[in-house]
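Welcome! Have a look at the model below, and then we will walk through it together.

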Amino acid sequence: AAEGAYRVRAVSAGAGRILVTFADVTQARLTERMRVDFVANASHELRTPLATLMGFIETLQGPAADDTVARQRFLDIMASEAGRMARLIDDLLSLSRIELDKYVRPQTATPLAPLVADVARTLAMRLESDERQLHIDLPADLPDVIADRDQILQVLHNLISNAQKYGRTGTPIAVAVQHEPGETPRVRISVTDQGEGIPPEFLPRLTERFYRVDTSRSRSLGGTGLGLAIAKHIIERHRGVLEITSEVGQGTRVSFTLPAVA
Ligand code: ADP
């Protein structure tokens, strides 16, 4: 913070001693700015489906009160918008829970194979309806990882859902797991799709909350704009690294590392 603005936070003089502490005001301002932006963004994201809901409620109370066909169609839209609000609230709660214990490192030895199988089972129906196959490459002699099982489930769920949302019907999604032995042994898990890809200029900011390549497309696919932010927070809490590589027209690969049991 060489160019930061500093403010003297406290001065106390004891017997022959002076203690001065400085606070980096620039950093504090930045953090405050981010918090304000986040609340504004979250409110806006919640307001959008709410406005749609209110609009349809008014229509159903008035002009469309006796139109049974329109009523059914409107109710379907309302259900989907309410679902979007519920997902958004779930994601916001997830984020704040992860923030709360971001300094507590997970300690439990967790086998990966059943975890990957769990996610595959949960997503099977959705993938099938989209004619998508999940290719899983899991070595037999994989060490356990040190991880919070539920949180890693959530990361895998978010990444595979993205591969499905932004992929192409009929193309497979590959989940690969590799052991990277060494001084700090770790396991790398990657999710690769053959979808539309992401232009390079977007890559650095994708893990920011509510940052999307195409907001209306994300919304229409049921996205909240928080999936990758949640994934990054969780992986950082595990002292792992999340990486995104992509080529427009070819596809995207999101990988992350987790510490392995030595
Ligand atoms: P969302 O709910 O919008 O999917 P995410 O945080 O999961 O939010 O992702 C942020 C944005 O990154 C998405 O809106 C999309 O533009 C882009 N993205 C994420 N994963 C992929 C992918 N596999 N292929 C192409 N674009 C992706």
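Which polar side-chain atom lies 3.4 Å from a nitrogen atom of the ligand? That atom belongs to Thr252.

## About the model

This is a predicted model, in which local features need pLDDT of at least 70 and side-chain atom pairs count only at pLDDT 80 or more, while totals for chains, interfaces and linings use all residues. Residues are numbered from 1 along each chain as its sequence is written, and side-chain values use heavy atoms, with hydrogens and water left out.

## Around the ligand

Let's stay with the ligand. An oxygen atom of the ligand lies 2.7 Å from an N or O atom in the side chain of Tyr166. Asn162 has a polar side-chain atom 2.8 Å from an oxygen atom of the ligand. Of the 530 Å² that the ligand exposes when taken alone, the protein buries 96% (accessible areas come from the Shrake-Rupley method with a 1.4 Å probe).

The ligand is surrounded by 17 residues (each with a heavy atom within 4 Å of it). Among the closest are Tyr166 and Asp193. At least two residues of this shell come from helix 4 (149–165), and at least two from helix 6 (227–237).

## The whole chain

Now step back and look at the fold. The chain has six helices and nine strands (DSSP runs numbered from the N terminus: H or I of at least four residues for helices, E of at least two for strands). Its radius of gyration is 23 Å, well over the 18 Å that the globule rule gives for 262 residues, so the chain is more spread out than a compact globule (the radius is taken over C-alpha atoms, and the rule is 2.2 Å times the number of residues to the power 0.38).

Definitions and conventions. Polar contact = N/O pair within 3.5 Å; in protein donor to acceptor, adjacent residues only side chain to side chain.
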